[in-house]
Amino acid sequence: MLSTYLGEFATLALVHFLAVLAPGPDFAVTIRQSVRFGRLVGTCTALGIGAGISVHVLYTLLGVGALMHATPWLLGGAKLLGAAYILYLGISLLRSKAKSALPGDSPDQEPQPTAVRAFVTGFLTNATNPKATLFFLAIFTTLVSATTPLAIQALYGAWMCLVNGVWFVIVALFFSSARVRSLFMRLGHWFERGMGLVLLLFAGRLLLSL
């Protein structure tokens, strides 16, 4: 049964992974926590971000998806909105410029957060991000078929949580070094532009399917 949905899963996983790579609030918070407080705090923050995705997955599977599939015009509008968001994300990445430093970097002293507090910080950063809401609405209405069983869609969601957690743990480990962080801020815009081009291609594909 799972083999039937491998193509759908592969497309979904790729779009999601490219979105995960795109710098945003999750990325900025992970870097900040890692640079200021070290690898333990950065890693706990990253795990919280991965867990935060479960909030978006849950309400998408239990509410929004059923509403969309029962209302054709609403589904069409959601697909258009989703494609527009992916297009916006791609254009934003293509316009990426070199950065000299992270906003908010200052020598002020902050108390070392506990592992639990760092986890909660990551969780809330993702769970309250309105762009994440729009993204999940976009991919579950444009890339996932209405006939895909709920159990399979739940596996998709679990995979996204895992990928987010693993990716931001890697980010936390990598950016624990301030020197590496500074290097990425100077050259990382080229990487972002490449990801933006790929997302534009996906957005074009979605618009053509409407």
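Guide: One term to begin with: contact means heavy atoms within 4.5 Å. Also, this is a predicted model.

Visitor: OK. With that in hand, what is Thr30 in contact with, leaving aside its neighbours within four places in sequence?
Guide: Thr30 is in contact with Gly42, Ile49, Phe168, Val171 and Ala172. Thr30 itself is found in helix H2, residues 25–37.

Visitor: Is Thr30 buried or exposed?
Guide: Thr30 counts as buried, because its relative accessibility is 0% and the cut-off for buried is under 20%.

Visitor: Which other residues of H2 are buried?
Guide: Besides Thr30, the buried residues of H2 are Asp26, Phe27, Ile31, Gln33, Ser34 and Phe37.

Visitor: And what follows H2?
Guide: Gly38 does, and its phi is positive, near 100°.

Visitor: What span should H2 have?
Guide: H2 has 13 residues, so at 1.5 Å a residue it should span 18 Å. Its end C-alpha atoms are 18 Å apart, which agrees.

Visitor: Let's step back. How many helices and strands does the protein have?
Guide: The protein has eight helices and zero strands. From the N terminus on, the elements run α-α-α-α-α-α-α-α.

Visitor: How much of the protein is buried?
Guide: Of its 210 residues, 44% count as buried.

Visitor: What about contacts between residues at least 6 apart in sequence: what share joins residues at least 24 apart?
Guide: That share is 89%.

Visitor: Which residues does the UniProt annotation "transmembrane region" cover?
Guide: The UniProt entry, which is unreviewed, puts that annotation on residues 6–28, 40–61, 73–94, 132–151, 157–178 and 190–208.

Visitor: How much helix is there over residues 132–151?
Guide: The chain there is 65% helix and 0% strand, with the end C-alpha atoms 22 Å apart. Over residues 157–178 the chain is 86% helix and 0% strand, and the end C-alpha atoms are 33 Å apart.

Visitor: At what angle do H1 and H7 pack?
Guide: The angle is about 30°, and the axes of H1 and H7 (residues 150–174) are 10 Å apart. H1 passes H7 in a right-handed crossing.

Visitor: Which residues meet there?
Guide: From H1, Glu8, Phe9, Leu12, Ala13, His16, Phe17, Val20 and Leu21 take part. In H7 they meet Tyr156, Trp159, Met160, Val163, Asn164, Trp167 and Phe168. The buried residues of H1 include Glu8, Leu12, Ala13, His16, Val20 and Leu21.

Visitor: New topic: H5. Which of its residues are buried?
Guide: The buried residues of H5 are Ala118, Gly122, Thr125, Asn126 and Ala127. H5 covers residues 115–127.

Visitor: What does Asn126 contact, beyond its neighbours within four places in sequence?
Guide: Asn126 is in contact with Asp26, Ile49, Gly52, Ile53, His56, Ala132 and Asn164. Its relative accessibility is 3%, so Asn126 counts as buried.

Visitor: And what does Ala127 touch?
Guide: Not counting residues up to four places away in sequence, Ala127 touches Gly52, Val55 and His56. The C-alpha atoms of Ala127 and Val55 are separated by 6.1 Å, although the two residues are 72 apart along the chain.

Visitor: Last one. Where does Gly77 lie?
Guide: Gly77 lies in helix H4, residues 72–94. Gly77 counts as partly exposed, at 38% relative accessibility.

Definitions and conventions
Residues numbered from 1 in each chain as written. Predicted model: local features only at pLDDT ≥ 70, side-chain atom pairs only at ≥ 80, totals over all residues. Heavy atoms only, no water. Helix = DSSP H or I, 4+ residues; strand = E, 2+ residues; numbered from the N terminus. Buried < 20%, exposed > 50% of the residue type's maximum accessible area, 1.4 Å probe, protein only. UniProt positions renumbered as here; feature names shortened; annotations may be inferred. Axes fitted to C-alpha atoms, helices over the stretch in contact; angles between N-to-C directions. Left-handed = near helix turned anticlockwise from the far one by under 90°. Expected span 1.5 Å × (residues − 1).
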